[in-house]
Structure formats: C-alpha cells, structure tokens
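Please open the model in your viewer and keep the selection panel at hand. The stops below go from a pair of helices to a sheet and then to the domains.

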Amino acid sequence: MSDPVTALDGQSITGQITIADAGPTGMVTLRANFASATVMTGLVDVGLVVPDANQIASGDGTTTLWMSPDEVMILCDYDDAEAQAQSLGDALASAHALAINVSDARCVFRLTGQGGAIRDVLAKLSPADLRPSALPVGMVRRTRLAQVPVAFWFSSDTDATLICFRSVGGYVFDLLSKVSEPGSAVGYFG
Amino acid sequence: MSHRLSSGGRLINRANPVSFAFNGRTMRGFEGDTLASALLGEDQMLMGRSFKYHRPRGVVASGAEEPNALVGLGRDHSYEPNARATTTELFEGLEAETQNHWPSLEFDIGAINARLSRFLPAGFYYKMFLWPRSFWKHVYEPFIRESAGLGKPPKRRDKDHYEHFNVTTDVLVVGGGIAGLTAAMAAGEAGSQVLLVEQTAHWGGRAPVDGPQIDDMAPNAWVTQVVSALQAMPNVEMRNRCMGAGVYDHGYALLSERISDHAPDKAGPRQRLWKVRAAQIITATGAIERPLSFAGNDLPGVMLASAVRDYIVNFGVAPGKRTVVVTNNDDAYRTALTLKAAGLEVPAILDAREDATGALDEDARAAGIRVITGRGIASVIGKGRVEVVHVCAQDSDGADYEAIEADCVAMSGGWSPVVHLWSHAGGKLTWDEADAHFRPDPDRAPKGASGEVFVRTAGTASGALTTEDALVDANRTGQAAAMALGHKARGPAPRAEPESRQVTAPIWLMPENAPYEKRAKSWLDFQNDVKVSDVELAAQEGYESVEHTKRYTTLGMATDQGKLSNINGLAVLAKSLGVAIPDVGTTTFRPPYTPVPLGAISGEAQGALFQPIRKTPIHDWHEANGAHFEPVGQWRRPYAFPKSGESVEDAVAREVTTTRQSVGLLDASTLGKLIVKGPDAGRFLDMLYTNMMSTLKVGKCRYGLMCSENGFLIDDGVVARIDEHTWLCHTTSGGADSIHGAMEEWLQTEWWDWKVYVANVTEQFAQIGVVGPKAREVLDAVSASFDLSKDGLPFMGWVEGSLGGIPARVFRISFSGELSYEIAVPANHGRAFWDMMLEAGNPHGITPYGTEALHIMRAEKGFIMIGDETDGTVIPQDLGLNWAISKKKDDYLGKRAQMRSHMTDPLRWKLVGLETLDGSVLPDGAYAVDEGDTVNGQRNTQGRVTSSYHSPTLGRGIAMGLVERGPDRMGEVVNFPALDGSPQEARIVSPVFYDPDGEKQNV
C-alpha cells in the first residue's frame, strides 16, 4: 500500500514558535452514552478511560480527548486506528455506540515554543481563554482558529498539539506561520 | 507666532532632530514630538481646511479630540487619511499632506463656500438636494461632493499587515493617567489579574503637565515609581499606544494597539486589535476640555487652554508669543501660569465669572497677570490667524470694551469627563450642575447577564476634577472591581493636597447676548462647520431631538464624533428650546472611540488568508495540471482542465466527449459523507428523506431527497446501507455541514430520545469517480479484492475491500448516465489512488474532468442539481420527482407542507427540458414571457431556465427549466426573450436528452 500522505506532507516552519506536521496520526471518534453502565463496562474491557469534561486521559499508547458529553476522540498510532475502532465497536456491540476511524479527516500540528510563545500565537487567532489557569496541561479546548474549527491542548508549557479538518490544513498552517512571523511577538503570556 | 522654546519639553529629545515633509516641504522637529507639536515648532499654524466652508484651521487640541489638524499620512501603499496630527508621533521621513483644499492649503478655491455661508445653512443638504432633479447629476454630485469631505480614501492596497489578539482577564483598566495607574494598582494589589492600557506613548496622563504633588512627590516621579511597581507585578500587564476603542456587552472590549505607526521600518504587524473579555472594566479615560463659543473662535491660534500648556510643557513649543486666556473656570489659570513661567506674555486672563477667588486665581494675580472678571471675547480678528482679541462684558451683546493684540487665545469652557466607553455598553449619565458637565451615573452602570456592574469609572472620568478626588475615586474603583471578583481589597488612596476651587460657570455663548452676526461666526463644531446659529436654526425649524439635530446640522459627525462640540451644541439646543440641558440629553456614544483602520478590524484575514479555501487530497494535482477552478462552498473545485492553448469551452467539450466515449476521472471528494448509526437510524432517515431508507438492503444504494419543514427541497444524494444499524448518507458538497448540523439539531431537540449517532466523515475519504464505458476496464487493471463485474457489483450496489492495495469502498452509482464507479479511499491515500487510476486509464485515454463536464452530463440525463433546479422555493413535486416520495410513510419533514394548497396548485411551474428551435444555448436564468402585463406594468412570465448548456454529445443547446404546467405542454414553443428583447424560442421537451432508457449505466 502507498504511504499515507497528510495534507501538510511533513511541512514545518519556525518563527515565534515551531509549527510542524505531526504526521499521520490515528484518530477514532467514539460516540456513546458514558453514563450507561453497559457502555462503561464495555470500555473497561478494552481499557479505555473516559476523560472528564474538557480533559484528556492517557492510556496505553493512546490519548483520549473529551469532545462533548457523548463524544471522545482516541488518538493512537495511525496503523492501529482501524483495529481500535473495530475493538471499540465489538466491545460496545450490545450498547448503542458509534466508533469510527477518522484518522484521515484531520490534520495534526505539533507546536513548540519557549515561554508563553505558543499561547501568544494561538491568542492571535482563537478567542479561547488561553491563560494557563484556564487551559492547563491536560485540558483540551475545542474552539476556532480565525475562521475554522480546531481543538488544541498542551502536553507541557512548551509543547502543544492542534487538530483541524484536513481540507483546511494548509489554511491553518499559513495562518499560524503568518502570526508567528519574526517581529510579531506579543509577550503577553510571558 | 508659534515657535520652539529654547528649553523645556519633557517628551522631546533635542539631541535627536527628526526631519519630515509637510505638503512636500521639509521641516524639522525632535524625537518625541507629535506631528502637531513639530509643525507648531516650525510656525506652521495652518494645518487644514474645514469640511464645508474650507475655512483655514489650526490645531485646537493636543490629543485624540483634535477636530482640525487632520492629515493624510504616507503615500501609495501606506497612505492613511484623516490622521490626527496631535496623536501622530513624529519619525524620520514622515510624510504628511493636508486635506480638503485645492489647489493648496494656503490658497483654496473652495474657501468661496465661506462667502456663501449664508446659503449653506443648517440642513443645507436636505433643503437643497430636493430640487431640481436634473441638478443631481450635473451640479450636486460633481461639485458639492467634490468640495465637501475630508481625507481621500487610499488608492493602493495597504502594504502593512495587522493582527488580532484575544485576552481573557479579570480587570481591564482603560487609561494610564494617575487614575488608571491608581485603579490598576488597587485591583492588582488585591490579587486581580489586570490589563492596563494607555492610548498615548506615555504614562501619567495630564498630571506631569498640571503638576500636582502626589504622595509628596512631583507627578513625574510618582508616575515613574507606580509604573515600575506595576511592571514588577506578575498579575499586571501594561500596554501603551493601546486605545480602548469600544466596550460591549458581557465585558467584551476592543483595544487598538499601534505597534509600528511611529517606527514604520519595524518588522511585524502595524497595528493589533485586542479583543478582551474582562470580568470588570474600569474606564479611567480622563476628561476633555470644552471650547468656548465666541465669534472667530475657529481662527488658527485659538486653542484649548490645556493644549497650550501641553505644547509648552511636553514639547517646548509655544503656540504664540502673546496669549490671551479666556475661561469660565479655574483650570485655565494653569495655562497662564505656565505661559508666564516659560517667559511668554499673557496680556490678560478674561474670566467670564463675576469674580475669581480660587487658589489658582490668586497665584495668577501674584504672578503679575492681569485678571479681568465678568469679561469675555466679543470677537477674535485676524487674517488667517489670531491678531486682535476684542474684549466685552460677558453679560452684554458684545460691545467693545477693549482690543488686545495677541497671536494666541487659550480658551477653556470647562471639562467634560470622557464617558464614551461607559456609554457604549449602556451606562447612563447624570448632569452635574456644579461642574456643568455630564458624568457617569454609578447607579445606572452597564450591567452583565446576572445584573452585576461590569463597567466602572475612575478619576476624572467619574467627574472627580481635583487630583485628590480623582485618586480617592480611582482607588475605590480599583478596589470595588477586585471585590466584585471576590478579592479582598484595602489600602488608602495616594495622597494629594486638597484644592480650593471655584465653581465653573456654565457659559455656552460668549457674550451672553451675542447678536446673530456673532453667533453665525461662533463655531460649535470645527470639523463640520456647525455654528451656534445653525443649531438655533434647527431648533427654530422644529428639531427637538438631539439625535435629529445632529443629523440635520452635522453637529458631532465625522472623524472626531463631536468630542469638542457635543456638550456645547446640546447646551445651545437646550437654550433655544427653552429646556434644561439634561432634558435634551446627549447623542449616542458609539464605538470606536477614535477611528480604527479597517485593516486592523480584518486582522490576519487579508490576501491569501482572507478566507479559508478547502482543498481535497487531490487539489495539488489539479493546480499542477492547469485546473480552471470554481468556488463550491469553501472548496475550490476544478471547473475544467484546459490543456495548453485550449479554451475552457473546448476543454469542457473534450472532457464530456472522452467520458461518454471512453472514460473520465472525477475528484468527487467534496461530497458530504455522514455516517448515521443506531437502532433508530432507519426511522430517523425515513423522517429526513422523502423516500424510504429503512428498507434499503445492506450493500445497496438509494438516491434520496431532503426537504425543509416547509416542504422545499434542500439537499439530495445517494444513501448506502453499511450494516444493520449503519447508513452512509452522501450530501451535496455545499450541504455537508448544514445537513450534519440539521441532523444533530433534530436529534438534540425534537427526537432526543431516538438512539442515533451521526458522524461527519466527509474529509476522511477521497472520493473518485471513474466514469465511462471503459470504467470497468480501468478498475480491472488494478488488483481488487472484490468482483466488479456487471452482476458482481450491479448498478446501485456497493462493495468494500481493497483496490490496488488501498482500502476502498466502491459505489456503483452514476450521475452521468454512464457506467460509473465512485471509489472512496482514505484521504491520506487519495492522491496515490488518483495517480493509480490515471495510470490504469492511460491506455483508454482517461481524462480528468471538472464540474462543468459533470453538470453537462447530468443535464443531458435530466438529473437535477440542488441550487440550479432548486432555489429554496421548489418542492420535489415541481421537479417530477414524485417517484422519490414515499406514499407509504406517515410522515417525513416537509410532507404536510407539500399538501398545502399552493404546493398542490396545478399551475405551479414544473420541470421540463427546453430545446431551442435554432439549436442555440438559452441564457441561464432567462424568463419565458406570457401574454399581458402585471399590475406593475411588467410582462407576465410563465417559466424560467434553471440550467442551460451546450451539449457536446448532442451538438446543440439543451436546457432545463420550470414552466407553468410544463409537463402537460410537451411540444409547445415558448419565448425566452434575450436581454435586448429579441425572441428566443424553445420547444418544451422531456428533460432527459440522452439515453432515456438508462441502458448505458446498466452494462
């Protein structure tokens, strides 16, 4: 089979921060009623921890993002996503649930930068409250970046991940590159 | 003469001279100057011409309120009109040109308007433009339009870029004077997160000029100390050159930060628009001094008293050598003292009050300045600038008392708090009799969703006019804001000495009984040439509302929005109407406080980032292969792929012909793809589609229609049953997001208890159409894990597996009438699959085709297109799609609406094919005329063209259209006149022009 090619195709650029294609990433959307005992029992069987609202849960090689009260997204290796979706579907076969591989539907960006530079850059495009107290490490924020929907989260003060739909990957890359240009530092978040 | 003093100027650096160009003439100032101070330093008092009469105008103010000194800055790709010289920081190479004159600033033909001022009274535009009609075109538009107006819009694209910045914080403090600093300190010390902004480049506001001792320190020293203390606080962020532009509901505020206006060679954005969400907003915006209304008060050299001392103290520039001070309050005495201290002459202070007993008044007398009370200015005379001041008794009709030679008049009509930001979000004002101004009424503050106060004022902006009061007020406000956020706040305000102050006299006209000819020369609004007599005329003509008067007279319009004229104007209106000032009220204060460039508002959204362009996984191939694109939703889809030297029309014809005869390739990735799953999914889809989807068998596809609750067709597409509980719904390219949204809405509101989940997987897949009689041969050339034969994968079936080693779902569906496969592969493999198909199809001359070929082929088959055959008023029955409407179902969205009498009217326009008699192509959208006229005298119509193409397959024009009783009128000829009225006759035929029996797709 051909190698998977993301919309960003490995691009990266460094300005105030470094904006880089995180490469093919496994993504599985799971929709279910997480208050249901049947659902939760099934999820325990496959070892999936459902994060609290707006939070991220990490498991064995996977990261689970809270997306809405009845939706989470599981990040995993690109090659494992189909099997992940399948095993979740099997585990929840007796419940009402939808597990589907959406690895190709989105672009994943890795953002790295010192001090508060990542927050400064994101704040130019997103109305989200980016204060570390409001968006600490371990929380995911669904919001918009200029004119398109995105989600982002910090894995450390200097490292963040951003996802957007594949078709606007180029737009998001250009946006972030533009507002991260040298000379445009805000210095608000330190 | 205005001139640079030999010493002084706390903001300038005399060691660093700066040269700049003013109307092409090279001039010099110093680092730290504003354009206005540098011009005054060069004795350039004349800085512009007024809007209507083209009167010569000099600078009046020293800050954001300036009405006169408006210039065009820069040139070509960095030109900005209507920039205030008073807020423009000087830099080496600055180019400024004055506005609103021809041929030159000094000699302006338009000044003839001033001679005609009698004929240009209040409401001139409304009175004049009514008649005669022909004058509109030949007189008003070319001449009056040309002579009115300020700056010209830039002609070139702005070379700069801009950005936004979003901030959420506890407390936003607007204004970095001593009140803003105090409020920020109070809130910050209590533990609140604070953002403090100041519109100028300097902290401290007026205090360093006016000189009060604070905490036993000189104001400069105090400001420096507090600024460093604030800068050291981790919870306080400070920005200067950052103006509070607007305050809106929910604690939302816009700030406009000038980053490189003063340093144009700096990299990065020129300006940054801050979008702040603050729990509490404190406006410490200070106050603006009011002019006095006397005859000749618009002569260059007549300035606000505060501005006169600003230029001396801040920039070492004296607006004149001999300055007459005229006032109704104590504050202007500071100007006299400042002038005296700078060694300049002050022949007199004219105080309109009957006596002058304040501390400052005493100081002035002690300094040897002649103070004349009960006096005002009868008129100021001079040719282009102040020469003689005629003094009169304030309570007179202007009879001369004495004439004083002077080259500058420093006027003060009292101070008005800057209430703009307070008022933007609904804060109300109260009239303060003692200080004769409107000030914020803290009992009627802007409030949030839960009734909490979210805007507070601090210092002079509250109406606290002495330093002591302002600091106490600011400290209290800062603490109140912090306490509203649950912080504990305590601590005393900075200390200042109490001031003994005499009340301000409400003087709205000088002298009190000035006759008409004086009132007609007493300017209220310098920028828009509105005089006392104009407002009086408006009142006389029945204008009672201040809002109406504003629009009738243009008082308070244009770039300064009446920062100087507002209160004086409404006081004159109140007097004319015989009512109290608070009963007249103010006009509405609207954002922005001062103009914000459109570029800053659009932020990063310019050039390539103006709008997101969605790209399919194959987009790069399209670009590299010369695709002619068209927008579809936010996608760019190839319209056609013209080869080198080939016209777009020829390319379209070639694409259609090759596809019909051999095989074509289509990037259909933009099609919406929604997964609908759950025990109630079938029932749900039966409600959404007009036909039955619950009965669809696994492995099969069915075409379906979706209507709105009102019955109108909104979307269509092929639905595939994936498994017992799962359906895949294809939507139109533009409809994917809205249909997904509609599904969620129904599931979350009306049918919340139905067990259905929807996922939008539009972008998960690249979808590629392999279309044409050779399509199967192309697919057979790559290895497939499934049977693609006629019986193995029959028409309207789908299979899943791998194709050429790539996971694929193959749908045997056709929008062209040909043998056709649509193959969905993971988007990250889409380009590889496309390349594979090109290679496999090479022996057959496979041809990528665009949306126009797609449209032509579907029209040849009589297939409808959402957005062409539908426009939001068309129901499926209009389109002959009754076969796709289930009769068995109790309900579906739109069913009841489609039973309304109008929807079942036999006279509805219905879909037919149209064939021109001469084979030509009908214009898209053309109407078919009918006999007679409508009540409006327009021709009756009986139909319209919805799609029209040249069919390369049939070698003639084909069209689809909606025609009254169309299907009953087969063979009739109707007339679709061209735009020039010439007849174009077309015969009503079946909309299926090609392969009516569907044999081609079923092979």
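Which residues in H5(B) meet which residues in H7(B)? Select B:Ile178, B:Leu181, B:Ala184, B:Met185 and B:Gly188 in H5(B), which meet B:Val223, B:Val226, B:Val227, B:Ala229 and B:Leu230 in H7(B), a contact being two residues whose C-beta atoms, placed from the backbone, lie within 7 Å. By class, this contact has nine nonpolar, one polar and no charged residues, where Ala, Val, Leu, Ile, Met, Phe, Trp, Tyr, Cys and Pro count as nonpolar, Asp, Glu, Lys and Arg as charged, and the others, Gly among them, as polar.

This is a predicted model, in which local features need pLDDT of at least 70 and side-chain atom pairs count only at pLDDT 80 or more, while totals for chains, interfaces and linings use all residues. Residues are numbered from 1 along each chain as its sequence is written, and chains are lettered from A and ligands numbered from 1 in the order in which they are written.

Next, show strands E44 to E49 of chain B, an open sheet of six strands in the order E45-E46-E47-E44-E49-E48 with antiparallel pairing; strands (E, at least two residues) and helices (H or I, at least four) are DSSP runs, numbered from the N terminus, and two strands pair if DSSP finds at least two bridges between them. The edge strands, each pairing on one side only, are E45 (927-933) and E48 (973-975) of chain B. Four bridges join E45(B) to the antiparallel strand E46 (residues 939-951) of chain B, and B:Ala928 stands opposite B:Gly943 in E46(B).

Finally, colour domain 3 (291-413) and domain 6 (904-1003) of chain B, with bounds from an automatic or database domain assignment; their centres, taken over C-alpha atoms, are separated by 82 Å.
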